[in-house]
Amino acid sequence: LCTLYNIIMKLQNEEDVGHLLVALATGSGKTFVQALWIMVLQLANKRGIFAIPDNLISQFKSDLRKLL
């Protein structure tokens with residue numbers, strides 16, 4: 001379980017960040033962060049998986065449409 005600070009520190013130390021569970025507070029922009037990762041992965045020609053609880057799928061789709 002990582003915070004944004006932990007991710008930045010891992011990146012600066014050139015550690016593997018391939019398997020992270022990110023902990024961000026409500027309203028902190030989790031969907032925005034995921035949208036950015038989708039774009040970064042796509043640019044790198046890589047695939048990724050985002051786990052979203054069933055009860056939040058509609059909200060996630062709506063938020064993604066607004067961002068992308």
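**View A. Leu67, at 40% relative accessibility, counts as partly exposed.** Leu67 sits in helix H3, which covers residues 57-67. Helices here are DSSP runs of H or I with at least four residues, strands are runs of E with at least two, and both are numbered from the N terminus. Keep in mind that this is a predicted model, where local features need pLDDT of at least 70, side-chain atom pairs count only at pLDDT 80 or more, and totals for chains, interfaces and linings use all residues. Numbering starts from 1 along each chain as its sequence is written, and side-chain values use heavy atoms, with hydrogens and water left out.

**View B. The whole chain, read from end to end, goes α-α-α.** There are 3 helices and 0 strands in the protein chain. Of its 68 residues, 10% count as buried. Accessible areas come from the Shrake-Rupley method with a 1.4 Å probe, and for residues only the protein chains shown count as cover. Now for the contacts, meaning heavy atoms within 4.5 Å: of those with a separation of 6 or more, 31% join residues 24 or more positions apart.

View C. The chain averages a pLDDT of 79, with 88% of the residues scoring at least 70. Among the elements, helix H1 (residues 4-12) has the lowest mean pLDDT, at 77, while H3 has the highest, at 87. Where pLDDT is low, the predicted coordinates should not be read in detail.

**View D. A nonpolar patch on the surface is made up of Phe32, Leu36, Met39, Leu67 and Leu68.** Together these residues have about 470 Å² of accessible area. Helix H2 (residues 30-43) gives the most to the patch, with 3 residues. Patch residues have over 30% relative accessible area and no salt bridge; like charges are joined within 9 Å, and nonpolar side chains (Val, Leu, Ile, Met, Phe, Trp, Tyr) within 5 Å. A salt bridge, for the record, is a side-chain nitrogen of Lys or Arg within 4 Å of a carboxyl oxygen of Asp or Glu.

**View E. Leu68 lies in the segment after H3.** With 58% relative accessibility, Leu68 counts as exposed. Setting aside neighbours within four places in sequence, Leu68 is in contact with Ala35 and Met39. Leu68 and Met39 are 29 residues apart along the chain, and their C-alpha atoms are separated by 9.3 Å.

**View F. Thr31 and Gln34 are two residues of helix H2 to look at side by side.** Thr31 is buried, with a relative accessible area of 15%. Beyond its neighbours within four places in sequence, Thr31 is in contact with Phe60, Asp63, Leu64 and Leu67. Gln34 counts as buried too, at 17% relative accessibility. Not counting residues up to four places away in sequence, Gln34 touches Phe50 and Phe60.

**View G. Lys30 is another residue of helix H2.** Lys30 is partly exposed, with a relative accessible area of 36%. Leaving out residues up to four places away in sequence, Lys30 touches Leu24 and Ala25.

**View H. Asn45 has a positive phi of about 60°, although it is not a glycine.** Look for Asn45 in the loop between H2 and H3. Asn45 is exposed, with a relative accessible area of 71%.

Methods:
Buried means under 20% relative accessible area, exposed over 50%, partly exposed in between (1.4 Å probe, protein chains only). pLDDT is the predictor's confidence in each residue, from 0 to 100.
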